[in-house]
Amino acid sequence: MSVRDDRQNPVPPGADAGQVSSGQDGMRTMTYAEAVREAMAIAMERDDRVFLMGEDVGIYGGAFGVSNDLYQRFGTERVRDTTISELGIVGMGVGAALTGMKPIVEIQFSDFLCQAMDQVVNQAAKLHFMVGGQANVPLVIRAPGGSGTGAAAQHSQSLEAWFAHVPGLKVVMPSNATDAGALLLAALDDPNPVLVLEHKLLYKQSFEVPAEFPAARLGEGVIEREGTDLTIVATSVEVRRALEAAGQLAEAGISAEVIDPRTIKPLDVELILNSVSRTGRVLLVQEAPKFAGFMAEVSSTIAESAVFGDLQAPIRRLCGLDTPIPYSPKLERASVPQVEDIVREATALVGEW
Amino acid sequence: MPELDALNAYRTMWRIRLFEEAVEDLYGRGMMHGTMHLSIGQEAVPAGACATLVEGDQITSTHRGHGHCIAKGADLGRSMAELLARDNGYCRGRGGSMHIADVATGNLGANGIVAGGPPIAAGAALSNQLRGTDQVCLCFHGDGAVGEGSWHEALTLSSMWSLPVVFICENNKYGMSMSSEKAFKVDQLSEKAVAYGIPGETVDGNDVEAVHEVVGRAVARARAGEGPSFIEALTYRWRGHSKSDKNLYRTREEISQWRDRDPIARYAAELLERGSVSQEDLNAVQDEVRNEIREAVRFGTQGEEPTVEAMLAGIYAPSPVDARELAAR
C-alpha cells in the first residue's frame, strides 16, 4: 500500500509559483508545469533518443509555457516546432518510435487529439499487437485536458475514457507536480504508447517536490489521505478538490480516505478495493461527464468484486454534467464537481448510510 | 544506387504474382478467410522501387501491400502463414493480410488505414535524420491516400524538415470505386508536389526499369540529405478492390486493355528482344518461384493455430519493471 507523504500537499495559494526553491529537507517548491519540464530535461539529458515535438514548443515555449526554455537548452533538433498537424506529428512519433527513438509529442489541448485519433487508436495502440510483437512503440503523448479556464467546449474536455477504452494504450493523469514529473519519466521508460493527460488548472499550481523525482510505476495508485468513513476515488484536478473537501469533512467529523489512481490504464484495482473494503463507502469523482465515463468502470469493478459485500452504502458517482463545457464562468463551474459538491455528496453518503 | 538486376526484378514480380494467385486460390477454396486486396497487375512498382534500396532502408505499405512486403524481402512462408492465420506467420495470426511487417529488416508494416502510412514513414525518416544515418524510407500509398489529410500533413512536415523519405503513389486509377481522374482535377497527381516545394514526377508504373530509374533518383536525393520527393506511378489493378467488388464502376474493355500491358509479360518480351536473357532463363525463374510458393503454402498450412493466451500476453510490450519482476520470480 502506498500512502502519500504529507509534505507533497500543495503549497498554499499566494506562494510564489514562478520560482523553484529548495527547502531544508531536500524538498523544493515547484509548479506542475516546471515538474513536467524538468522531467523532460532529465530524460533528454540521459537518453539521446528522447526528443520533443509539438506545436509552438520552441521559441514560444509552449501554449502553457511547459517547454519554456527547453529549446535553448537542447536545441531545435530535439525540441521541434511543428506545423499545425496533429495527425501528422503523432504519426511521426509512431514512425520515430518504431525506428529507435523515444519521442514526446505535445498536443496543445487534449481536445485536438480528435484530429490525431487514427494515429493514436489505429496505429500507435495496435502496432505491437498487430505485428505479432516484432516492434514496440515507445511513444509518449502529452496533452492538457480539463475545464476551468474559460476556453469553452473545444478546449476543455476530459476525454480519458475514450483512450482507456483502447487496448494497447496506457493512460496517465497526474494530479500533482511530483507525479507529473515521476510518471512522465515512467512513461518514457515504458515500451508502449502512453498518453499523459495533464491538467491546465494545475500547470501553475505550486507543490512541494522532493529533490529527485521518486521512481514511479504506471499502474500504481496512491492513498493521498487516509480515512475510515468513506473512500473518495478521484482523478486529476478532482484529486486536489477531494483533498480540500476531505479537510472540511474532517472538521465535521467525517474521515475521508482519498485515492488517486494516477494511471487509469492500467488501473490499480487492488488499492481501490482494499480501501473500499475498509471504509465500506465509496464516492467516485471525475471531471468528465458521468455517462460511460471512467468512474463507471471503477464502479463496475467494485460492484463485481468480492468487496461488494463490504459495502454499507450504494456506490456513488459525482461527475461532470452531461454537457459540452460552456463558456460562462458560472455555467462552467456548475458543469464539473467543485469542492462543495464533494463535501455535500460525501456528507450525504455517510449520513444516509 | 544498386543497378537493376533484370532477372531479380523479373523474379520479384513473379513472386508477387504467384503469391497473390495462390492466395486467391486458397481463398476461393475456403482455406483462407477474412478479406484481401490483391495487387495483380501492379507488380512493377514495388519490384522497381524496392530494388533501389540498400540494407537498413525502410518502407511503409498499404492495405494492398503483399507486393511491397515481398519486394522488400519478406519471407514467403511466414507471409503465407500469416494470411492462413497461423502462429508461425509474421504477426502470429494477429494481423493477417493488411498488417504484414518485418520491422527488423525495415518493413515497418502494411496498413489497413488509407494514408495511415505516410506520417509513419515521415517519422521513420525523421528518426533516420536524428540518428544521423543515411537510411531512406519509401512510403507506398495509393491514389486514394492523396485525398486524406494525413497525406497532406506528412508531406508538409517532410518537406519542412527535408526528411529522407520518398512518397510513391501507385495510381491504379481507383480509390475503391472512385476514379482518380474524377477526384483530382490535375492532369498528373505528381503536380501536387509543387504545393510542397518538392520534386514530383509521373512514371509508367508498369515499366519496372522506368520505376527503378525514377525512384532511384529520388532515393539518391533523399540519401544525400536533399529531402523528400513525390512519385506517381501509373498502373492498374486487375482484380477488384477486395472480395466484395463487382466491378460496376469500370468496363471489361478497360480491364482487358490494361491486362494487355501486363508488366511481367512486357518485361519478359523486352529482355528477350534485347537478347540479354534467354527464354530458358525466364522459365527457370518461373519454375523456381513456383516451387517457392508451393513451399510457402506448405509452411503456412503446417503452422499451429495461435492461442488466446499468447494473444492476451501480446497486447502490451512488457515494461522494464514488469520484466524485472518476472525475472525475480
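A residue is called partly exposed when the count of other C-beta atoms within 10 Å of its own falls between the buried mark of 20 or more and the exposed mark of 12 or fewer. Keep that in mind for the first view, and remember that this is a predicted model.

**View 1. M176(B) sits in a loop with a positive phi.** Here we zoom in on the loop of chain B between β4 (174-175) and β5 (178-179), where M176(B) lies. Its phi is near 55°, a positive value in a residue other than glycine. Is M176(B) buried, exposed or partly exposed? With 14 other C-beta atoms within 10 Å, M176(B) is partly exposed.

**View 2. N247(B) is another non-glycine residue with a positive phi.** The phi of N247(B) is about 55°, and N247(B) is not a glycine. To find this residue, look in the loop of chain B that runs between β7 (229-234) and α9 (252-259). N247(B) counts 13 other C-beta atoms within 10 Å, so this residue is partly exposed.

**View 3. A cis peptide bond links K265(A) to P266(A).** Omega for this bond is about 0°. P266(A) belongs to the loop between β13 (263-265) and α8 (269-279) of chain A.

**View 4. Chain A, seen whole, has 11 helices and 15 strands.** Let's step back for a moment. The C-alpha trace of chain A spans about 60 × 50 × 40 Å along its principal axes. A compact globule of 353 residues would have a radius of gyration near 20 Å, and the 20 Å of chain A agrees with that. Buried residues account for 57% of the chain. Take the contacts in chain A between residues at least 6 apart in sequence: 79% of them join residues at least 24 apart.

**View 5. Two domains of chain A meet.** The domain assignment gives domain 1 (7-210) and domain 2 (222-352). Their C-alpha centres are 25 Å apart. How many residues of each domain are in contact with the other? Domain 1 brings 26 residues and domain 2 brings 25. On the domain 1 side, α5 (160-164), β7 (170-172), α6 (177-188) and β8 (194-199) of chain A each supply at least two residues. That side of domain 1 has 14 nonpolar, 9 polar and 3 charged residues.

**View 6. The largest nonpolar core has 202 residues.** Those with the most contacts inside this core are I232(A), A346(A), V166(B) and I168(B). Domain 1 (7-210) and domain 2 (222-352) of chain A both give residues to the core, so it lies between them.

**View 7. Chain A and chain B touch.** The contact takes 39 residues from chain A and 38 residues from chain B. On the chain B side, α5 (117-131), α6 (149-160) and α13 (320-328) of chain B each supply at least two residues. The largest share of that side, 10 residues, comes from α5(B). Sorted by class, the chain B side has 22 nonpolar, 12 polar and 4 charged residues.

**View 8. Residues 12-18 of chain A have a pLDDT below 50.** Chain A averages a pLDDT of 95, and 94% of its residues score at least 70. Over residues 12-18, though, the pLDDT is below 50, and this stretch has 5 contacts in the model beyond near neighbours in sequence.

Notes
Residues are numbered from 1 along each chain as its sequence is written. Chains are lettered from A and ligands numbered from 1 in the order in which they are written. This is a predicted model: local features need pLDDT of at least 70, side-chain atom pairs count only at pLDDT 80 or more; totals for chains, interfaces and linings use all residues. Helices (H or I, at least four residues) and strands (E, at least two) are DSSP runs, numbered from the N terminus. The radius of gyration is taken over C-alpha atoms; the globule rule is 2.2 Å times the number of residues to the power 0.38. Two residues are in contact if their C-beta atoms, placed from the backbone, lie within 7 Å. Ala, Val, Leu, Ile, Met, Phe, Trp, Tyr, Cys and Pro count as nonpolar, Asp, Glu, Lys and Arg as charged, and the others, Gly among them, as polar. A nonpolar core is a set of buried Ala, Val, Leu, Ile, Met, Phe, Trp, Tyr and Cys residues joined through C-beta atoms within 7 Å. Domain bounds come from an automatic or database domain assignment. pLDDT is the predictor's confidence in each residue, from 0 to 100.
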